[in-house]
Amino acid sequence: MTVQLPDFRLEVYLGEWEFKARYHLTASDAESLTIGELLALGADDDRAAFDALGLGYAPTWGSDELRAAIAATYETVDRDRHVLAFAGAEEGMYWALQELAGPGDHAIVTVPNYQSMETLTLRTGAEVSGWVLRPENDWAPDLDELRALIRPNTKLIAVNFPNNPTGALPDRATFVALAALCDERGIVLFSDEVYRGLERDPARVLPQACDLSERAISVNVMSKAYGLPGLRIGWLATHDHALLARLERRKHYTSICNAGPSEFLATLALRHGDAIRARNRAIIEANLPVFDAFFARWDEQFAWEHPQGGCVCFPRYLGGDVTSFCRDLVDEAGVVLLPADIYASEVGAVPGDRFRIGVGRRDPEPALAAFEAFLQRGVDRRAGQARRS
């Protein structure tokens with residue numbers, strides 16, 4: 001309780017700019033639905049049930065309906081024993097990572113990562129190593145490198161695929177082998193799967209970790225692939241019911257329970273999940289040629305790459321200091337990007353010339369036009385300086 005957590009760099013940065021800047025070009029979620037659009041996916045009975053919903057407390061585990069809808073997204077998961085709902089994925093990660101590692105233990109996390117995965121694991125007192133994804137390998141995770149990191153006291157391997165911020169996605173054989181390796185060594189695989197379902201190629205959709213291993217934990221949320229972050233509904237799925245029971249007690253100290261209206265709407269969204277994810281994949285598919293054309297025009301300043309999965313990626317800035325570049329861009333043009341130092345790691349190297357950009361929101365053209373105008377002003381300014389010299 002006395003451990004001090006450092007600033008969550010991403011949240012501090014977006015807290016300053018996300019709702020103040022004109023263009024949020026680094027959004028990590030798919031295009032959101034309105035409540036009306038979501039309810040329209042259901043039947044008249046759903047609308048009537050939502051109108052009649054009482055605003056009392058919900059069960060700490062999550063409603064039966066919500067957990068049934070979550071369980072239906074897995075192959076081997078039981079509603080009553082294998083699912084615990086949380087107020088977003090962050091709450092589930094916060095408690096689970098503290099439960100899974102501690103002083104004297106060793107843990108491994110993917111790098112780059114969503115900061116809380118690394119920071120919380122470090123603050124448990126465990127020793128932590130980074131399983132580094134490298135751009136020269138197309139961000140592909142290397143199982144041989146992972147094997148070299150494992151120690152006799154390794155208790156936890158925490159991964160995020162499709163990866164935030166790189167969009168990296170291992171092939172199926174690698175992911176299955178990862179789960180098998182964890183089982184062989186008695187290690188818990190903690191798998192953040194919040195972008196699953198946004199892969200452009202259906203053949204690249206990975207199995208979920210808790211369907212591969214009795215001890216693995218799958219993390220998911222309504223925020224990313226479903227594009228419904230305002231619901232604040234996430235969950236953990238695992239066959240380890242005893243672990244979930246301990247986490248349910250910990251949840252009493254934070255959210256206690258989720259909001260009933262959010263659970264109702266999340267249940268409805270999950271029942272229509274195939275349609276929602278297909279919609280969001282179509283938005284990404286329509287957006288990528290727009291981004292391709294933009295970065296082709298500015299290929300002397302950027303090395304562009306598609307996300308392999310999810311709706312974010314981590315292209316390279318070729319013009320120098322990416323942090324100053326992103327700060328100038330938002331100051332002068334109102335366009336938010338996340339520079340590489342947001343993803344700095346204590347346990348592995350993250351390339352310092354990258355920035356996160358999102359491709360999952362509709363109508364990116366105005367943001368890209370403002371971005372392009374900013375770049376053109378820079379070109380014109382440098383040309384003027386050259387003439388004067």
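Where does Asp138 lie? Asp138 sits in the loop between strand E4 (127-132) and helix H8 (143-149); helices (H or I, at least four residues) and strands (E, at least two) are DSSP runs, numbered from the N terminus. Its phi is near 60°, a positive value in a residue other than glycine. The model here is predicted, so local features need pLDDT of at least 70 and side-chain atom pairs count only at pLDDT 80 or more, while totals for chains, interfaces and linings use all residues. Residues are numbered from 1 along each chain as its sequence is written, and side-chain values use heavy atoms, with hydrogens and water left out.

Arg232 also has a positive phi, near 55°, and is not a glycine. This residue belongs to the loop between strand E7 (217-221) and strand E8 (234-238). Arg232 is partly exposed, with a relative accessible area of 40%; buried means under 20%, exposed over 50%, and partly exposed in between (1.4 Å probe, protein chains only).

Arg232 turns up again in the largest pocket, being one of the lining residues closest to its centre. That pocket has a volume of about 530 Å³. Of its 25 lining residues, the closest to the centre are Glu11, Ser28, Tyr114, Lys224 and Arg232. On a 1 Å grid over the protein atoms alone, a pocket is an open set of points with protein on both sides within 12 Å along at least five of seven lines, and lining residues have an atom within 4 Å of a point. Grid points are joined across faces, edges and corners, and the volume is the space filled by probe spheres set on the points. Helix H1 and helix H6 (88-100) each supply at least two residues of the lining. By class, the lining has 11 nonpolar, five polar and nine charged residues. Here Ala, Val, Leu, Ile, Met, Phe, Trp, Tyr, Cys and Pro count as nonpolar, Asp, Glu, Lys and Arg as charged, and the others, Gly among them, as polar.

Now for the cis peptide bonds. One joins Val111 and Pro112, with omega about 0°, and Pro112 lies in the loop between strand E3 (106-111) and helix H7 (115-123). Another joins Phe161 and Pro162, with omega about -10°; Pro162 is in the loop between strand E5 (154-160) and helix H9 (172-185).

Finally, Leu5 lies in the segment before helix H1 (9-17) and is partly exposed, at 45% relative accessible area.

How values were computed
On a 1 Å grid over the protein atoms alone, a cavity is a set of points where a 1.4 Å probe fits but cannot get out, and a pocket is an open set with protein on both sides within 12 Å along at least five of seven lines; lining residues have an atom within 4 Å of a point.
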